[in-house]
Amino acid sequence: MSADENAGGLPFWKTTTLEDMSSAQWESLCDGCARCCLNKLEDWDSGAIVWTDVACTLLDGTSCRCRDYPNRAQTVPDCIQLTPEEVRTLTWLPPTCAYRLVREGADLYWWHPLVSGDPATVHEAGISVRGRTVPEDGMALEDYEQHVVSWPAEVPA
């Protein structure tokens, strides 16, 4: 039995609440898709959120990881550090997000590294943002509207 399984042989994400996860378990839930690192726009009237393909300045578009994860809030003050409380209230988490899936009592997809055992499957399955973004650096905020996309809010077939 691995450290990530309980006595019943179930993986930790099926038996442990978000609040009760260890730091290592919490961090391992991130599949590395980087969809949450895309800029989103909110309609001021309706509150509706739309996704863009504009990537955070700290996103490494190849690895789909933050270039300075430990210090990201100093560089990007509006970066949201996911916590169990945030996960329970954020409406824009992608439908494929493991934090959201665990919150909803759903299982992880086959391509999640915790299921597949391979961090590359998130890219191979077309879930990650790899090769699908433009950098925010130097882009005017009013130009973000030209980069609205729907794919981050979709579950690929």
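Modeller: Terms first: two strands pair if DSSP finds at least two bridges between them. Helices (H or I, at least four residues) and strands (E, at least two) are DSSP runs, numbered from the N terminus. This is a predicted model, where local features need pLDDT of at least 70, side-chain atom pairs count only at pLDDT 80 or more, and totals for chains, interfaces and linings use all residues. Residues are numbered from 1 along each chain as its sequence is written, and side-chain values use heavy atoms, with hydrogens and water left out.

Colleague: Fine. How many bridges join β2 to β5, and do they run parallel or antiparallel?

Modeller: Two bridges, and the strands run parallel; β5 covers residues 134-135. V54 stands opposite V134 of β5.

Colleague: And which way does β6 run against β2?

Modeller: Antiparallel, again with two bridges; β6 is residues 148-149. T52 has V148 in β6 as its bridge partner.

Colleague: What about β1 and β2, how many bridges there?

Modeller: Four, in the antiparallel sense. L41 faces V50 in β2. The hairpin of these two strands has six residues between them, and G47 takes a positive phi near 85 degrees there.

Colleague: Is β2 enclosed or open?

Modeller: Largely enclosed by the rest of the structure, because five of its seven residues are buried. Buried means under 20% relative accessible area, exposed over 50%, and partly exposed in between (1.4 Å probe, protein chains only).

Colleague: Switching to the core. Which residues touch the most other members of the largest nonpolar core?

Modeller: M21 and L29, out of 26 residues. α1 (12-15), β2 (49-55) and α5 (98-103) each supply at least two residues of this core. α5 gives the most, with four. By nonpolar core I mean a set of buried Ala, Val, Leu, Ile, Met, Phe, Trp, Tyr and Cys residues joined through side-chain atoms within 4.5 Å.

Colleague: What is M21 in contact with, beyond its sequence neighbours?

Modeller: Leaving aside neighbours within four places in sequence, M21 contacts F12, W13, T16, W26, L29 and V102. Contact means heavy atoms within 4.5 Å.

Colleague: Now charges. How many salt bridges does the structure hold?

Modeller: Four. The criterion is a side-chain nitrogen of Lys or Arg within 4 Å of a carboxyl oxygen of Asp or Glu. One of them joins D107 and K14 at 3.2 Å, N to O. D107 lies in the loop between α5 and α6 (113-116) and K14 in helix α1, so the pair ties together parts that are 93 residues apart in sequence.

Colleague: Which residues are linked in a network of salt bridges?

Modeller: R100, R103 and E104. E104 bridges to R100 with the closest N and O atoms 3.0 Å apart. E104 also bridges to R103, at 3.2 Å. E104 is partly exposed at 46%, R100 at 21% and R103 at 25%.

Colleague: Last one. Is G138 buried or exposed?

Modeller: Exposed, at 88% relative accessibility. G138 is in the loop between β5 and β6. The C-alpha atoms of G138 and L10 are separated by 47 Å, with the two residues 128 apart along the chain.
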